[in-house]
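Welcome, and thanks for taking a look at this model. Here is a short walk through its helices, their packing and a few residues inside.

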Amino acid sequence: MPRQLQLLVGEHARVGVDRRGAERPARLQQEAHVEPRGVRVLPQRVARALRLNEDLVEAIGLGHDTGHTPFGHAGEQALDEVLRERFGTGYGFRHNEQSLRIAKRLNLTHEVCDGILTHTGPDEPATHEGKIVRIVDRIAYVNHDIDDAL
């Protein structure tokens with residue numbers, strides 16, 4: 001795990017409480033420590049099988065959701081609606097754009113930043129490694145959203 005992302009894992013507080021009163025980990029903590037088959041390990045295995053850059057896949061996988069709001073995609077949608085109502089249609093919130101802002105402050109490479117920005121949205125990643133993360137993320141976020149809803 002890149003050192004810059006390791007530091008972020010320690011910074012993110014736990015958010016949310018489940019029905020039993022137990023704290024739930026922030027998404028970055030979950031991605032780095034709890035979710036062994038999420039958008040960290042599975043893309044690396046795909047990259048290895050295709051003889052692609054596993055380190056690039058790991059960096060994109062770890063950084064791609066750093067800009068998420070608490071409560072996942074539902075939180076993103078709520079924040080987007082509030083910002084658009086308050087400031088107009090030219091404003092809003094997209095977690096991939098926020099993740100890119102964080103990645104740029106961490107001085108990550110262009111390829112990592114591109115993979116982070118394009119893991120969702122209309123633009124395709126420039127690298128095969130970014131495309132791997134994009135595909136695996138589409139599978140994984142459905143499971144995360146279901147977990148967030150419970």
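This is a predicted model: local features need pLDDT of at least 70, side-chain atom pairs count only at pLDDT 80 or more; totals for chains, interfaces and linings use all residues.

Residues are numbered from 1 along each chain as its sequence is written, and side-chain values use heavy atoms, with hydrogens and water left out.

The protein has eight helices and zero strands; helices (H or I, at least four residues) and strands (E, at least two) are DSSP runs, numbered from the N terminus. Of the 150 residues in the protein, 42% are buried, meaning under 20% relative accessible area, with exposed over 50% and partly exposed in between (1.4 Å probe, protein chains only). Among contacts between residues at least 6 apart in sequence, 53% join residues at least 24 apart.

Two helix pairs are set out below. Axes are lines fitted to C-alpha atoms, for helices over the stretch in contact, and angles run from 0 to 180 degrees between N-to-C directions.

| Helix pair | Angle | Axis distance |
|---|---|---|
| Helix 4 and helix 7 | about 45 degrees | 9 Å |
| Helix 3 and helix 4 | about 160 degrees | 9 Å |

The angle of about 45 degrees makes helix 4 oblique to helix 7, and the angle of about 160 degrees makes helix 3 roughly antiparallel to helix 4. The cut-offs are under 35 degrees for roughly parallel, over 145 for roughly antiparallel, 65 to 115 for roughly perpendicular, and oblique for the rest. Helix 4 passes helix 7 in a right-handed crossing, and the crossing of helix 3 and helix 4 is right-handed. A crossing is right-handed if the near helix is turned clockwise from the far one by less than a right angle, and left-handed if anticlockwise.

On the helix 3 side, Pro43, Gln44, Ala47 and Arg48 meet Glu54, Val57 and Glu58 in helix 4. The residues of this contact divide into three nonpolar, one polar and three charged.

Which residues have the most contacts inside the largest nonpolar core? They are Ile60, Ala103, Leu108, Val112, Cys113 and Ile116, in a core of 16 residues. Such a core is a set of buried Ala, Val, Leu, Ile, Met, Phe, Trp, Tyr and Cys residues joined through side-chain atoms within 4.5 Å. Helix 4 (54–63), helix 6 (95–105), helix 7 (110–117) and helix 8 (128–149) each give two or more residues to this core, and the largest share, four residues, comes from helix 4.

Leu100 lies in helix 6 and is buried, with a relative accessible area of 15%. Beyond its neighbours within four places in sequence, Leu100 is in contact with Cys113, Ile116 and Leu117. Its C-alpha atom is separated by 8.4 Å from that of Gly63, 37 residues apart along the chain.

Finally, Asp80 in helix 5 (residues 72–87) is buried, with a relative accessible area of 9%. Not counting residues up to four places away in sequence, Asp80 touches Gly92, Phe93 and Arg94.

Key
Contact means heavy atoms within 4.5 Å. Ala, Val, Leu, Ile, Met, Phe, Trp, Tyr, Cys and Pro count as nonpolar, Asp, Glu, Lys and Arg as charged, and the others, Gly among them, as polar.
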